[in-house]
Amino acid sequence: MSTSTTSAPPGSQDQPPARAAPRRGERAPTRSAWRRALRRDWQLYSLAILPLLFFLVFRYLPMIGNVIAFRRFEPGGSIFGEEWVGLRYVRMFLGDPTFWQVFRNTLWLGGLTLVFCFPIPIVLALLLNEVRRRSLKRFVQSVSYLPHFLSIVIVAGITMQMLASDGPVNHVLGLLGHDPVRFIQEPGWFRTVYVGSEIWQTAGWGTILYLAALTTIDEDLYEAARIDGAGRWRQIWHVTLPGIRPTMITLLILNVGTFMAVGFEKVLLLYNPLTYPTADVISTYVYRAGVESNSFSYAAAIGLFEAVIGLVLITSANTLSRRTVGTSLW
């Protein structure tokens, strides 16, 4: 009994199957996969609705109001201004000596906050990481985290009460033979008071991210460093700090992006007309110009200028970080 066979062309068995040519609907599988993931995990995706609405309503929609920086706005009139004035308000604040004073104050406060408030959580996290007694570690963490949960109003109130002319700090100075110091009324003390209160409020909370990053470092790296004869300081320098470097760079970029947006609420609560020469920043100046003086277009022009500088800073910091250390936000 014979079986008929069909002869194949020579060499056809060694040829791979032909690849289908790409079609116009090539991205369809990606969209279908996204739909399947959405149907499968819709509960998780639904959690993003409220945050997205928050950013849409309070972050993106208000950007439309920047148009009044180039239009003359009158209370009670159109929300987009009455007439086009171009760069009139930009030229006004660029030629205003008061604006350049508050601009310098903003640079000073932003720079001091970045220099002192950024590294202190790193140092605190490294110190807590070296503590072996769990009870002591938890106690220090709880005490350092607590100020973060206090509102800025309470923090400002505590700061003013502590530094008042008859407050505890001046009482201690009196026991040491010093005259009372008007910390709140003297312009020269405002930056120290502001940065000190900012460190007290944010240092403990900032250690959470670094402590979480420390847990991801491989213990074998420390073991190898000990075998090579490295002490605790060399282990921190060569193992711990490189291990948390991506977290440090990310937070540094975010802090640089908010460099110009110095804490409006705390400055507004702590400063007074006597400390305007060193305490008045762009955000408080915009508040007084817009809300108290009803110069909304002028205030919008200054706010837009501040936002543009912040955008340039965060973009530059991200680009510099990506080219130098290979870590960036985008």
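## Helix H16

In this predicted model, the buried residues of helix H16 are Ile282, Ser283, Thr284, Tyr285, Val286, Arg288, Ala289 and Gly290. That makes 8 of its 11 residues, and H16 is mostly covered. The buried residues of H16 pack against H5, helix H14 (264–270), helix H15 (276–279) and H17.

One of the buried residues of H16 is Arg288. Arg288 lies over the face of Tyr276, at 4.6 Å from the ring centre. After H16 comes Asn294, which has a positive phi, near 60 degrees.

In soluble globular proteins, nonpolar side chains tend to be buried together. The largest nonpolar core here has 20 residues, and the members that touch the most others are Phe99, Ile282, Tyr298 and Ile302. Two or more residues of this core come from each of helix H4 (88–94), helix H5 (97–117), helix H16 (282–292) and helix H17 (296–324). H17 gives the largest share, 6 residues.

Leaving out residues up to four places away in sequence, Ile302 touches Phe93, Phe99, Ile282, Tyr285 and Val286. Another core lies apart from this one; it has 19 residues, including Ala125, Leu128, Ala225 and Leu251.

Glu306 is located in helix H17. Glu306 is buried but has no salt bridge, and the nearest side chain of opposite charge, that of Arg288, is 13 Å away. Apart from neighbours within four places in sequence, Glu306 is in contact with Met260, Ala261 and Ile282.

## Aromatic rings

The structure holds 19 aromatic pairs. One of them joins Trp34 and Tyr45 in an edge-to-face arrangement, with 5.3 Å from centre to centre and 70 degrees between the planes. This pair links distant parts of the chain: Trp34 belongs to helix H1 (residues 28–40) and Tyr45 to helix H2 (residues 42–46), 11 residues apart. Trp34 counts as partly exposed because its relative accessibility is 49%, and Tyr45 counts as partly exposed because its value is 34%.

Elsewhere, ring pairs connect Phe93, Phe99, Trp100, Phe103 and Phe305 into a cluster. Among these residues, Phe99 is also one of the members that touch the most others in the largest nonpolar core.

## Salt bridges

Side chains of opposite charge can pair when their charged atoms come close. The structure holds 7 salt bridges. One of them joins Lys266 and Glu198, whose closest N and O atoms are 2.8 Å apart. The pair links distant parts of the chain, with Lys266 in helix H14 and Glu198 in helix H10 (residues 187–214), 68 residues apart. Both Lys266 and Glu198 are buried. The charged end of Lys266 also sits over the ring of Tyr194, 5.9 Å from its centre.

Glu223 and Arg226 form another salt bridge, with 2.9 Å between the closest N and O atoms. Both residues lie in helix H11 (residues 219–227), 3 residues apart, about one turn of the helix. An α-helix has 3.6 residues a turn, so residues three or four places apart point the same way. Glu223 is partly exposed at 39% relative accessibility, and Arg226 is partly exposed at 40%.

A salt bridge also joins the side chains of Asp41 and Arg40 (3.6 Å, N to O). Asp41 counts as partly exposed at 24% relative accessibility, whereas Arg40 is exposed, with a relative accessible area of 56%.

Key. Residues are numbered from 1 along each chain as its sequence is written. This is a predicted model: local features need pLDDT of at least 70, side-chain atom pairs count only at pLDDT 80 or more; totals for chains, interfaces and linings use all residues. Side-chain values use heavy atoms; hydrogens and water are left out. A nonpolar core is a set of buried Ala, Val, Leu, Ile, Met, Phe, Trp, Tyr and Cys residues joined through side-chain atoms within 4.5 Å. Buried means under 20% relative accessible area, exposed over 50%, partly exposed in between (1.4 Å probe, protein chains only). Helices (H or I, at least four residues) and strands (E, at least two) are DSSP runs, numbered from the N terminus. Contact means heavy atoms within 4.5 Å. Rings of Phe, Tyr and Trp (its six-membered ring) pair if their centres lie within 6.5 Å; planes under 30 degrees apart count as stacked, over 60 as edge-to-face and the rest as tilted. A charge sits over a ring if NZ of Lys or CZ of Arg is within 6 Å of the ring centre and within 35 degrees of the ring normal. Lys and Arg count as positive and Asp and Glu as negative; His and the chain ends are not counted. A salt bridge is a side-chain nitrogen of Lys or Arg within 4 Å of a carboxyl oxygen of Asp or Glu.
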